[in-house]
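I opened this structure today and kept notes as I went. Each entry records what I looked up.

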Amino acid sequence: GYVCTATDVDWFKVEVTTPGVLTFDLTVPVANDYDIELFGPDYGYIKGSYRDSGLAENITHDATTTGTYFVRVYGYPVGNGSH
């Protein structure tokens, strides 16, 4: 996916059918500042990665609960961010 505008927020979903470790890696272009967040099957925030411009973002989570997880990617600051 691409963050195409300052207000672009991209959502991805992952179906977890067996408990295990989830790992999400986001490569960020040098001049941009993107962030990534993970939400659980109850839509609750689990954790995020908020590094500086041009640095890769990474989330690792031990998913002990099955169901649909959601990942949000956006340019920082959300709603008026890098693109």
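**Entry 1: the sheet**

I started with strands β3 (residues 34-39) and β6 (residues 67-75), which run antiparallel and are joined by six bridges. I kept in mind that this is a predicted model. Then I looked for individual pairs. Phe 39 has Phe 70 in β6 as its bridge partner. Asp 35 is paired with Tyr 74 in β6.

I turned to β1 next. Eight bridges link β1 to β6, and these two strands also run antiparallel. Here I picked out Asp 10, whose bridge partner in β6 is Val 73.

In what order do the strands of the open sheet stand? I read it as β1-β6-β3-β4, four strands with antiparallel pairing. The edges are β1 (9-16) and β4 (45-49). Each has a single partner strand, so one side of each is left without a neighbour in the sheet. From one strand to the next, the twist averages 20 degrees.

**Entry 2: β2 and β5**

I moved on to another pairing. Strand β2 (residues 20-26) runs antiparallel to β5, and seven bridges join them. In this pairing I found Phe 24 opposite Ile 59 of β5.

Which residues of β5 are on the covered face? I listed Glu 57, Ile 59, His 61 and Ala 63. The uncovered face of this strand, residues 57-63, holds Asn 58, Thr 60 and Asp 62.

**Entry 3: the core**

I looked up the largest nonpolar core. It has 14 residues, and Phe 24 and Ile 36 touch the most other members. The strands β2, β3, β5 and β6 each supply at least two residues of this core. As background, nonpolar side chains tend to be buried together in soluble globular proteins.

I then listed contacts for Ile 36, leaving out residues up to four places away in sequence. Among them are Phe 24, Leu 26, Ile 59, Val 71 and Val 73. The list also includes Gly 48, Ser 49, Glu 57, Asn 58 and Arg 72.

Is β6 mostly covered or uncovered? I found it mostly covered, with seven of its nine residues buried.

Not counting residues up to four places away in sequence, Val 71 touches Asp 10, Trp 11, Phe 12, Phe 24, Ile 36, Glu 37 and Leu 38. I also checked a distance. Val 71 and Thr 60 are eleven residues apart along the chain, and their C-alpha atoms are separated by 12 Å.

**Entry 4: the largest pocket**

The largest pocket holds about 230 Å³. Its lining has 14 residues. Which of them lie nearest the centre? I noted Gly 1, Tyr 2, Phe 12, Leu 26 and Val 73.

The elements that give two or more residues to this lining are β1, β2, β3 and β6. The largest share, three residues, comes from β2.

**Entry 5: Ala 56**

I went to the loop between β4 and β5, where Ala 56 is found. Its relative accessible area is 38%, so Ala 56 is partly exposed, between the cut-offs of 20% and 50%. Beyond residues up to four places away in sequence, Ala 56 touches Leu 26, Val 28 and Arg 51. I also checked Val 30. Ala 56 and Val 30 are 26 residues apart in sequence, and 9.4 Å apart in space, C-alpha to C-alpha.

Most residues other than glycine have a negative phi, and most peptide bonds are trans.

Tyr 43 is not a glycine, yet its phi is positive, about 70 degrees. I found Tyr 43 in the loop between β3 and β4. Its relative accessibility is 62%, so Tyr 43 counts as exposed, the cut-off being over 50%.

Which peptide bond did I note as cis? The one from Tyr 76 to Pro 77, with omega near -5 degrees. Pro 77 is found in the segment after β6.

Notes
Residues are numbered from 1 along each chain as its sequence is written. This is a predicted model: local features need pLDDT of at least 70, side-chain atom pairs count only at pLDDT 80 or more; totals for chains, interfaces and linings use all residues. Side-chain values use heavy atoms; hydrogens and water are left out. Buried means under 20% relative accessible area, exposed over 50%, partly exposed in between (1.4 Å probe, protein chains only). Two strands pair if DSSP finds at least two bridges between them. Axes are lines fitted to C-alpha atoms, for helices over the stretch in contact, and angles run from 0 to 180 degrees between N-to-C directions. A nonpolar core is a set of buried Ala, Val, Leu, Ile, Met, Phe, Trp, Tyr and Cys residues joined through side-chain atoms within 4.5 Å. Contact means heavy atoms within 4.5 Å. On a 1 Å grid over the protein atoms alone, a cavity is a set of points where a 1.4 Å probe fits but cannot get out, and a pocket is an open set with protein on both sides within 12 Å along at least five of seven lines; lining residues have an atom within 4 Å of a point. Grid points are joined across faces, edges and corners, and a volume is the space filled by probe spheres set on the points.
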